[in-house]
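Please read it with the structure open.

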Amino acid sequence: MSKEIPYKIYLEENEMPKQWYNVRADMKNKPAPILNPATMKPITLEELAPIFCGELAKQELDDRTPYFDIPQEIQDFYRMYRPSPLVRAYCLEKKLGTPAHIYYKFEGNNTSGSHKLNSAIAQAYYAKKQGLKGVTTETGAGQWGTALSMACSYFDLDCQVYMVKVSYEQKPFRREVMRTYGATVTPSPSMNTNIGRKINQEFPGTTGSLGCAISEAVEAATTQEGYRYVLGSVLSQVLLHQTVIGLETKTALDKYGIKADVIIGCAGGGSNLGGLISPFAGEVLRGEADYEMIAVEPASCPSLTRGIYAYDFCDTGKICPLAKMYTLGSSFIPSANHAGGLRYHGMSSIVSQLYEDGILTARSVEQTEVFKAAQMFARVEGILPAPESSHAIKVAIDEAMKCKETGEEKNIVFGLTGTGYFDMVAYQKFNDGDMADYVPTDEEIRKSLSMLPKVE
């Protein structure tokens, strides 16, 4: 390694990715096809057309094309906030007294405060190109809804957001950012849709979940002419757009001759994790390199570590296509933890298949430990991290402390997916000592899994 490593590694504009990378093209074991819930057969492009934009539907079903060109209009938008920095966490290393070298890819340097804008602008672009009036979506903690409202404002599209009720109440300021950009924000489950009314009747007083909000958003899209549904995570098309994270990270590491040993990302639906690890997983799949890749999920919603690999509905209302994924069951309603973006019952089919094949491992962590890690990081690195991102921070610290015990100088890379400046209710609970951990019982998970659809 000949170059001195700066605190922040920036790429030049000409080093930014011009294409998204589709890791499925290099996977020998392809993710199982998504199924039409009416026929239980692999869904076709024509069947997806009423739900998704045409180009996005094509991306969703394509597991052969390794690279997709990023349209020039999207590249131009990316230049507002990309390339994002890869930061050497020198201060955290010093605090821990570890010989490990810790790096984080910081995705919070835009108004939406997270990585979500990478896919939001792409999906809004394709909706506008198709001549649509607007789009509908769900959001958990609000980062995705915020990003999509920004993207829709840029392209003069109507944006309707169904926000998980507990986050709608916990994060009013993120809700107001969405409204400032012109979005309509509805707490979910609501009484505005048939699915919402049904869920409220079945689960009185529920705080909601991403599965509930997805059901409502899909119903809203399919009952309004000129609208389509867009999703902020889970889908293969979303992971495709998010590969700008991993591609930039790899280019920055290569620029300074750094070989990552451990790569860590928080895992809810899988968008940022999949985007971060895809280029590295591709190298592993092609036999070119080896990495330890770790998915970190909340102990309150542990789809990888305690779920099963099976076909399941992507939504609580059971109107969306079925995906084969690690799942806790679509009827599983997670506890109202403060990492709203990780409160999803299942995991991306791509991430699930990579996990099933042993390309990555997974850990679950409790939220009080997560916030301890977030507090330490904020105090020494000067960034208040999002609760979701802090799951990755927690395990990055754990790995660095292992290096302290063994004396190994590993290179640890993690995704800092966004900032936590709209998550102050969560930080207040932690600072006041009022934060509690919740881990679902085996019986709760068994009950939900017992309702999985029967797929031959």
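1. Lys-250 is buried, at a relative accessible area of 18%; buried means under 20% relative accessible area, exposed over 50%, and partly exposed in between (1.4 Å probe, protein chains only). Its salt-bridge partner is Asp-254, with 2.9 Å from N to O. A salt bridge here is a side-chain nitrogen of Lys or Arg within 4 Å of a carboxyl oxygen of Asp or Glu. Asp-254 counts as partly exposed, at 46% relative accessibility. About one helical turn separates Asp-254 and Lys-250, because they sit four residues apart in helix 11 (residues 236-255). Helices (H or I, at least four residues) are DSSP runs, numbered from the N terminus.

2. This is a predicted model, in which local features need pLDDT of at least 70 and side-chain atom pairs count only at pLDDT 80 or more, while totals for chains, interfaces and linings use all residues. Residues are numbered from 1 along each chain as its sequence is written, and side-chain values use heavy atoms, with hydrogens and water left out.

3. The salt-bridge count comes to 23. Asp-76 and Arg-79 form one at 2.9 Å, N to O; Asp-76 is partly exposed at 40% relative accessibility, and Arg-79 is partly exposed at 28%. Arg-64 pairs with Asp-63 at 3.4 Å, N to O, and Arg-64 is exposed, at 62% relative accessibility.

4. Which pocket holds the most space, and what lines it? The largest pocket has about 400 Å³ of space. A pocket is an open set of points on a 1 Å grid over the protein atoms alone, where a 1.4 Å probe fits, with protein on both sides within 12 Å along at least five of seven lines; lining residues have an atom within 4 Å of a point. The volume is the space filled by probe spheres set on the points, which are joined across faces, edges and corners. Of its 17 lining residues, Phe-203, Ser-331, Phe-332, Ile-333 and Met-451 are the closest to the centre. Helix 9 (194-202) and helix 18 (442-449) each give two or more residues to this lining.

5. The lining of the largest pocket divides into seven nonpolar, five polar and five charged residues. Ala, Val, Leu, Ile, Met, Phe, Trp, Tyr, Cys and Pro count as nonpolar, Asp, Glu, Lys and Arg as charged, and the others, Gly among them, as polar.

6. The second largest pocket has about 260 Å³ of space. Its lining has 16 residues, and Arg-24, Ala-32, Pro-33, Ile-34 and Glu-60 are the closest to its centre. That lining divides into eleven nonpolar, two polar and three charged residues.
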